[in-house]
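Good morning, and thank you for joining. I would like to take you through the side-chain pairs and the sheets of one structure, and I ask you to keep it in view while I speak.

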There are 2 protein chains.
Amino acid sequence: MSTLYEQLAARLGPKGFATDAETLAPFLTEWRGRYQGATPFLAMPASTEEVSDVVRLCAASGAAITPQGGNTGLVGGQIPDGEVLLSLKRMNRIRAVDPANDSLIAEAGVILSAVQNSARESDRLFPLSLASEGSATIGGLISTNAGGVHVLRYGMMRDLVLGIEAVLPDGRVFSGLKGLRKDNTGYDLKQLFIGAEGTLGVVTAACLKLFPRPRAHEVALVAVPSARAALDLLHRMKGATGAVAAFEIMNRLSVDLVVKNVADRRDPMPGAPFMVLIEFEAMNAAGLRDAIEGALAAAIDAGEAKNALIAENASQARGFWRIREDVSAGHRPEGAQVNHDVSVPVSQTPLFLERADAAMEASCPGARIVAFGHMGDGNFHYTAMQPVGMAPDQFPGEQLSQTVYTIADAMGGSISAEHGIGVARRADLARFKDPESIALMRAVKRALDPNNVMNPRALLP
Amino acid sequence: MSTLYEQLAARLGPKGFATDAETLAPFLTEWRGRYQGATPFLAMPASTEEVSDVVRLCAASGAAITPQGGNTGLVGGQIPDGEVLLSLKRMNRIRAVDPANDSLIAEAGVILSAVQNSARESDRLFPLSLASEGSATIGGLISTNAGGVHVLRYGMMRDLVLGIEAVLPDGRVFSGLKGLRKDNTGYDLKQLFIGAEGTLGVVTAACLKLFPRPRAHEVALVAVPSARAALDLLHRMKGATGAVAAFEIMNRLSVDLVVKNVADRRDPMPGAPFMVLIEFEAMNAAGLRDAIEGALAAAIDAGEAKNALIAENASQARGFWRIREDVSAGHRPEGAQVNHDVSVPVSQTPLFLERADAAMEASCPGARIVAFGHMGDGNFHYTAMQPVGMAPDQFPGEQLSQTVYTIADAMGGSISAEHGIGVARRADLARFKDPESIALMRAVKRALDPNNVMNPRALLP
């Protein structure tokens, strides 16, 4: 071991580091197998002071660092390629819960589901919810500004953070854990670290916003004739109930492929061009079910919906959600494909689907489209798949991706709504982000990390 | 006129600038008369291109700029002292309204009430609401991250901004007006300009979040025995109704002085140690009134409330609000006083009042306390006034202020919850902000405004 690694090992103790291939393996492999990393040293500090010392020692040696949370990212930003790997997993304490402030303080390595559970034990809700909630950690969720299914009601992770503690690229500690709703004493520095993908420092803890726990839940599945009808339905249901917590769309093929490729799934609404799953929640059950039923009946009268099912119990509600959750598993076995996580203004969602579907067909006749996701936030997971029978290596995936991005961009959209940039989308970012924004990003990066040691291969183009 | 001012005048045309004392007067006087400014040149650009050219010309000459919106700020950040004064008042167009995206784009000089009205015309709500809404402008409200009475439900101005257009200190234009709910393509640059008090650039336009318009409103006035009871009541009402939009507290003296000093006001709840005004709103009226009445009855049973009035109509609701709105006018005539805009974690609000009240009495026996404000956000407007009969110049105001700040700070609070720093609180900021945060703020300032030409006397200590 070189001097740096000896120093790090001495500081961290035997539990706090690893260099053997077996221990390193799960940290270096991205869960879908798309990225395989390498690191000379895995640091696993257990406290903010240890993180600070690791970063300071690395900075003194000019060694770059890749921070890692639960290793659930989709764009490779958490996988080192020669950098020191800094795992926050051992920083897994919930330091404090303050129900009367609707807040709790969690360290970076706490798993999302543990935060959800801790909130529930205090009769509170932490609303962030996404597929990887059993593995994703608070530090990673903050560093990637995670989204999920409840953004419509509660916002992104950015909106759920009251305060942050972070280790800066030179090892200093930014202590911004105040649990305040209002604090206009200068720049809101915590914003710098949210969504920065570890390029400006290492988030070590956060003060998170909690909410009263909703007492009433309803889930509806609605067959709609078109994306435009779904948009009208969205605003009708928001206006009529004030209780829409999720509004998820699935096109025909997404549901067909769940039925085809996932065991024990059936289609509750065969033939519907689009299916919408709507989740409602309220503190006060009185009137909620009536408001939902009345609004859905009016939507059917107005031609926005063909029919609607409201779950009669929690188990049926889970069944509705399972269709939506299985969409990814449904189309994964269908051959060559390109996946996108794009957003457009909510008002432009129908137009986006029209234009993108037409462009895919024009570029690759017979291409199959799975379009689903968080329509209430303007966010589609949009997948173009090879036509049936095409040889996978003939599928013009990269060309189709650029077309999807160009269409979203032209509508004032984003090429990465919630998954981030990582290493996977850097070239696309350079293509689609305006030069002034990139220049500003570089100026901020230089100001905080002049030696470019924090996750140097991620995010910035 | 020197060359710079000749260049600016030529670029802006006769309507776009002024240098005569009469035109300048209203721009140079703070509305309470606490600050009197001076400027060699008032620039009144009417477009982003004109702002850009003004800033570029000033930068080339090394001339500093003070941006100004509606001139309603309380901390002097908008008043020049020799800088070029850049008023955004002529940039007063609402560029676009997109109801199906729940958004609109307003230029910096649009007055808040005009945005509220525009939203209403599209059957939408723009929820920011504060005393100066008839004069305050969007650019100023963003630059100061304004708060107001609906933060509890909708957040600060920061939470209501989807996108920003800003002119950078060198004249380049940051075009970040996308109306997206989700966009994880790099640092969230708009955050830099929100609450930066014009020190990092000039906000010229913003894309703002709209909401469905609530159909049901209720306002209750509740007599509570203590601040601790008020805190319990807050959580009870949030949990029972999910509809609390404002939760405002007034101590005994605030109400007494409204009755004493404001014409035609009476005390609806004589003797109550504290009065709480709660505003509720919901999309769906069904069950709301019942839920409120049930929860208030339970609060009375639990000893959290002594009695409660629910407004029977809009006019009575206005009457309840008027007491709260007149608190400032009520105590202003009461001699020497120091006002504070502090916040603490919501859970700490009762303890803050206990400690602060005791410390005021210890330092200045007989000091009178008006404590009121946004308790639901942990934000008190806390005023200490001279004892009756004391000579005003004997009142140890500055000493009491430092005590109030020290108490809030020790509880993890803020010395400026919503009013900002401006020039008034710079010395206090230097005293109470931690050195790492100040160093980070300076690093950001240097990165964006290396020549320190944007509002150079404001905010940074």
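This is a predicted model: local features need pLDDT of at least 70, side-chain atom pairs count only at pLDDT 80 or more; totals for chains, interfaces and linings use all residues.

Let us start with a salt bridge in chain A, between A:E312 and A:R289, whose closest N and O atoms are 2.9 Å apart. A:E312 sits in the loop between β15 (307–310) and α11 (314–325) of chain A, while A:R289 belongs to helix α10 (residues 288–301) of chain A; the two are 23 residues apart, and the pair links distant parts of the chain. A:E312 is exposed, its relative accessible area being 56%. A:R289 has 21% relative accessibility and counts as partly exposed.

In chain B, B:R289 forms a salt bridge with B:E312, with 2.9 Å between the closest N and O atoms. Helix α10 (residues 288–301) of chain B holds B:R289, and the loop between β15 (307–310) and α11 (314–325) of chain B holds B:E312, so this bridge ties together parts that are 23 residues apart in sequence. Here B:R289 counts as partly exposed, at 22% relative accessibility, and B:E312 is exposed, at 57% relative accessible area.

Staying with charges, a further network lies in chain A: A:R11, A:E50, A:D53 and A:R56 are joined into one network by salt bridges that share partners. How many salt bridges are there over all chains? The search of the whole structure finds 64.

One of them deserves attention for its surroundings. A:D102 and A:R124 form a salt bridge in which the closest N and O atoms are 2.6 Å apart. A:D102 lies in the loop between β5 (94–98) and β6 (103–107) of chain A, and A:R124 lies in strand β7 (residues 124–125) of chain A; the bridge therefore ties together parts that are 22 residues apart in sequence. Are the two residues of this pair buried or exposed? Both A:D102 and A:R124 are buried.

I turn now to the aromatic rings. Over all chains, the structure holds 14 aromatic pairs. Among them is the stacked pair of A:F17 and A:F41, at 5.4 Å centre to centre and with 5 degrees between the planes. A:F17 is part of strand β1 (residues 17–18) of chain A, and A:F41 is part of the loop between α2 (21–28) and β2 (42–43) of chain A, so that the pair ties together parts 24 residues apart in sequence. A:F41 is buried, with a relative accessible area of 0%.

Why is the pair of B:F174 and B:F193 called stacked? The ring centres of B:F174 and B:F193 are 5.7 Å apart and their planes stand at 25 degrees, so the pair is stacked; the cut-off for stacking is an angle under 30 degrees. With B:F174 in strand β9 (residues 173–176) of chain B and B:F193 in helix α7 (residues 190–193) of chain B, the pair ties together parts that are 19 residues apart in sequence. B:F174 counts as buried at 4% relative accessibility, and B:F193 counts as buried at 2%.

Returning briefly to chain A, ring pairs link A:Y5, A:F17 and A:F41 into a cluster. Rings also meet charges: the charged end of A:R32 sits over the ring of A:W31, 5.7 Å from the ring centre. In chain B, B:R32 lies over the face of B:W31, at 5.7 Å from the ring centre.

Finally, the sheets of chain B. An open sheet of 4 strands has the order β1-β2-β4-β3 in chain B, with mixed pairing. At its edges stand β1 (17–18) and β3 (65–68) of chain B, each with a single partner strand, so one side of each has no neighbour in the sheet. Strands β2 (residues 42–43) and β4 (residues 84–87) of chain B run parallel and are joined by 2 bridges; B:L42 stands opposite B:L85 in β4(B). Helix α2 (residues 21–28) of chain B lies across β1, β2, β3 and β4 of chain B, at about 75 degrees to β4(B).

Another open sheet of chain B has 5 strands in the order β5-β6-β10-β8-β9, with antiparallel pairing. Its edge strands, β5 (94–98) and β9 of chain B, each pair on one side only. Within this sheet, β6 (residues 103–107) and β10 (residues 202–209) of chain B pair in the antiparallel sense over 5 bridges, and B:I105 stands opposite B:C207 in β10(B). Thank you.

Conventions. Residues are numbered from 1 along each chain as its sequence is written. Chains are lettered from A and ligands numbered from 1 in the order in which they are written. Side-chain values use heavy atoms; hydrogens and water are left out. Rings of Phe, Tyr and Trp (its six-membered ring) pair if their centres lie within 6.5 Å; planes under 30 degrees apart count as stacked, over 60 as edge-to-face and the rest as tilted. Buried means under 20% relative accessible area, exposed over 50%, partly exposed in between (1.4 Å probe, protein chains only). A charge sits over a ring if NZ of Lys or CZ of Arg is within 6 Å of the ring centre and within 35 degrees of the ring normal. A salt bridge is a side-chain nitrogen of Lys or Arg within 4 Å of a carboxyl oxygen of Asp or Glu. Two strands pair if DSSP finds at least two bridges between them. Contact means heavy atoms within 4.5 Å. Axes are lines fitted to C-alpha atoms, for helices over the stretch in contact, and angles run from 0 to 180 degrees between N-to-C directions.
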